[in-house]
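Hi everyone, thanks for coming. Please have a look at the structure on the screen, and then I'll walk you through it.

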Amino acid sequence: MAAVHVLDDYYLAITALITVGYQLLFFAIAFTCKFDKLTGPASSPPPDFAGGSNFIILAVVTISLSQHHQARQLVVTLFLIAWAIRLTSFLFLRILKTGKDDRFDEMRQKFFPFLGFWVFQMLWVWTVSLPVTVLNSPAVTRYPQHEFGTGRDIAGVVMYAVGLAIETVSDAQKYRFRIKHDGQAVCDKGLFAVSRHPNYFGEILVHFAIYMIAVSPAADGYVRGQAYKALYATILGPFFLTLLLLFVSGVPLSERPKAKARYESGNNWHGYKRWLDRTSILIPFPPQLYEKMPTVLKRTVFLEFPMYVFDPKKHSGVRRPGEASDEAREEARGRPAESDRDNTSQSGEERLIQ
């Protein structure tokens, strides 16, 4: 049976319309009723019910319209659905316990700024779904497909399993830690001993794995023409997610702000600083080796960019009790303090007159 053509051959328009309509519906509920348990955009991220369920809808709609239920299509579609269900259910249960999402307490009262978060979520859902959307589209399914099980397929399945396991375990570890410990403790156990953001690392692996499987028909020469280019272009999805987590609303909202809050409140800053110095920001790595690694490698290979680093001298006007002033540190190193240097520049007679 031939695939159903809806608006275009790649299902880009229909998925965009569904996403916009679905998110606007939940925005209207959130803004009107001030209700968080089924709504609230993924601006931090992670996504919530409205965001995660949107992924499921797009995956189901495109595979249903496709009419070509080949193994590779089913695998990537089910992979996207499984990831969305796990994440959505975890965050939904978490917000049921907390009762609200306090990230938007101020923004929720302002129509356009609050709408901006939802527009951003529309773009996020639609873009990250691209590998599944295009693979299920008539432009691709009209070509004969090779059987699932190539080396690329198997590598993608393994990567997906590893990524989903890391994301699931790290979320559970962080949730249990917060329940059992107060706000002073540092979560440096389990996966958080080798990565400060293992859940983000796992999520990135998941979506690059889906792309790796989805692009196989083009990479192995079964799909040609514009469909070939379209499948390769869907790498925009996992790259967009990675850039989002690294530079917009993932790591940047967590690293420097949390470090600053710990420092200025005196909330176990030394313990937290030790964890920062010893733990890779994203890619899991042994802390004993990471602590001794040259800064240039941390800033490049391990992605710990300067924008994440908190320096009390530059980013805080608070001086914690017990910290030596610049003059005291100079005196401790055997150098005269600023006031002493001023005096030493005077003659003996000038000092006697004073």
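Let me start with a definition: a residue is buried under 20% relative accessible area, exposed over 50%, and partly exposed in between, using a 1.4 Å probe and protein chains only. The model is predicted, so local features need pLDDT of at least 70 and side-chain atom pairs count only at pLDDT 80 or more, while totals for chains, interfaces and linings use all residues. Residues are numbered from 1 along each chain as its sequence is written, and side-chain values use heavy atoms, with hydrogens and water left out.

Now the overall picture. The protein has 19 helices and zero strands; both are DSSP runs numbered from the N terminus, with helices being H or I of at least four residues and strands E of at least two. Of its 354 residues, 45% count as buried.

What about the inside? A nonpolar core is a set of buried Ala, Val, Leu, Ile, Met, Phe, Trp, Tyr and Cys residues joined through side-chain atoms within 4.5 Å. The largest one has 52 residues, and among those touching the most other members are F55, W83 and W124. Leaving aside neighbours within four places in sequence, W83 is in contact (heavy atoms within 4.5 Å) with residues including F55, W124, Y160 and H207. In soluble globular proteins, nonpolar side chains tend to be buried together.

On to charges. A salt bridge is a side-chain nitrogen of Lys or Arg within 4 Å of a carboxyl oxygen of Asp or Glu, and by this rule there are nine. Which residue meets R196 in a salt bridge at 2.5 Å, N to O? That partner is E255. R196 sits in the loop between helix 7 and helix 8 and E255 in helix 12, so the pair ties together parts 59 residues apart in sequence. R196 also forms a salt bridge with E304, with the closest N and O atoms 3.4 Å apart. Here the link runs from that loop to the one between helix 15 and helix 16, 108 residues apart. Both R196 and E304 are buried.

Next, helix 13, residues 269-278. Its buried residues are W269, Y272, W275, L276 and R278, and they pack against helix 12, helix 14 and helix 16. R278 also meets E291 in a salt bridge (3.0 Å, N to O).

Finally, back to my opening definition: is L243 buried, exposed or partly exposed? With a relative accessible area of 46%, L243 is partly exposed. This residue lies in helix 11.
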